[in-house]
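Q: I'm new to this one and would like to go through it step by step. Could you show it to me before I start asking?

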Amino acid sequence: PQYMTKAAMRARARCEGAVRRILRDAGIVTGGKLDAASRAVVAAAVGIRVLTHTKDGAERYGTYLHNGKVRDEATKQELKLSEFAQTKIRPKHHIVLAVQPDISLEKLFDLHGSSKPLRDGRKQADPHCGCCGDGESLMDNEILLCDGLGCDRCYHQKCCSPQVEAVPEGAW
């Protein structure tokens, strides 16, 4: 925000607050913050057998999927992490790797990061321009990644209207 005026920063904060209230009312956020970590896919765990302990102490096995869900081995159903772990509080903490039970999904997320699931179920790939669809980022026409609240769009400098002459420093 170094390039923003104080009035623009206040307007942005008001808009972000309004969006947070809308998302909180819709159940998409908790505690006023976007719950991005709970929606992110732990890329390092995709295809790995995982387990959790049920409330009665039994072990429950499944496979972690590319869409951030777990396919339960017993029922063959795709379950949200909170459904598989049977808790809404830090479900990634309660789901561990079957071959290495001291490593939780939460720990893998912290170590290796994540990727966002795309609407069609594929893992997020390299950024491509939302206008022209090209994925090539050149020195005089770099792909800019939007830093707006909940926005994951990307655009070439020259595809923006008006065109962006220089890559901005800070949030864009």
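Q: What is the bridge partner of R49 in β4?
A: The bridge partner of R49 in β4 is T63. Before going on, please keep in mind that this is a predicted model, in which local features need pLDDT of at least 70 and side-chain atom pairs count only at pLDDT 80 or more, while totals for chains, interfaces and linings use all residues. Residues are numbered from 1 along each chain as its sequence is written, and side-chain values use heavy atoms, with hydrogens and water left out.

Q: And how many bridges join β3 to β4?
A: Strand β3, residues 49-53, is joined to strand β4, residues 59-64, by 5 bridges, and the two run antiparallel. Strands here are DSSP runs of E with at least two residues, helices are runs of H or I with at least four, and both are numbered from the N terminus; two strands pair if DSSP finds at least two bridges between them.

Q: Which residues of β4 are the bridge partners of V50 and L51?
A: V50 has G62 as its bridge partner in β4, and L51 has Y61. V50 also stands opposite L97 in β7, and β3 and β7 pair in the antiparallel sense over 2 bridges.

Q: What is the order of the strands in the open sheet?
A: The open sheet is formed by 5 strands in the order β6-β5-β4-β3-β7, with antiparallel pairing. β6 (78-79) and β7 (96-97) stand at the edges with a single partner strand each, so one side of each is left without a neighbour in the sheet.

Q: How many bridges are there between β4 and β5?
A: β4 and β5 pair over 3 bridges, in the antiparallel sense, and T63 stands opposite R71 in β5.

Q: Which residue takes a positive phi in the hairpin of β3 and β4, and which one in the hairpin of β4 and β5?
A: In the hairpin of β3 and β4, with 5 residues between the strands, G57 takes a positive phi near 90°. In the hairpin of β4 and β5, which has 5 residues between the strands, the residue is G68, with a positive phi near 85°.

Q: What about residues with a positive phi that are not glycine: where is K76 found, and where is R90 found?
A: K76, with a positive phi of about 65°, is found in the loop between β5 (70-72) and β6. R90, with a positive phi of about 50°, is found in the loop between α3 (81-85) and α4 (91-94). K76 is exposed, with a relative accessible area of 57%, whereas R90 counts as partly exposed at 46% relative accessibility. Buried means under 20% relative accessible area, exposed means over 50%, and partly exposed lies in between, using a 1.4 Å probe and protein chains only.

Q: Back to R49 for a moment: over the face of which residue does R49 lie?
A: R49 lies over the face of Y61, at 4.1 Å from the ring centre. A charge sits over a ring if NZ of Lys or CZ of Arg is within 6 Å of the ring centre and within 35 degrees of the ring normal.

Q: Is L79 buried or exposed, and which residues is L79 in contact with?
A: L79, which lies in strand β6, counts as buried at 10% relative accessibility. Leaving aside neighbours within four places in sequence, L79 is in contact with R60, K69, V70, D72 and F84, where contact means heavy atoms within 4.5 Å. L79 and Y64 are 15 residues apart in sequence and 9.7 Å apart in space, C-alpha to C-alpha.

Q: Changing topic, is H156 buried or exposed?
A: H156, in strand β9, counts as buried at 2% relative accessibility. Apart from neighbours within four places in sequence, H156 is in contact with C129, C132, D134, E136, N141, E142 and I143.

Q: Last one: is the peptide bond from S161 to P162 cis or trans?
A: The peptide bond from S161 to P162 is cis, with omega near 5°, and P162 has its place in the segment after β9 (154-156).
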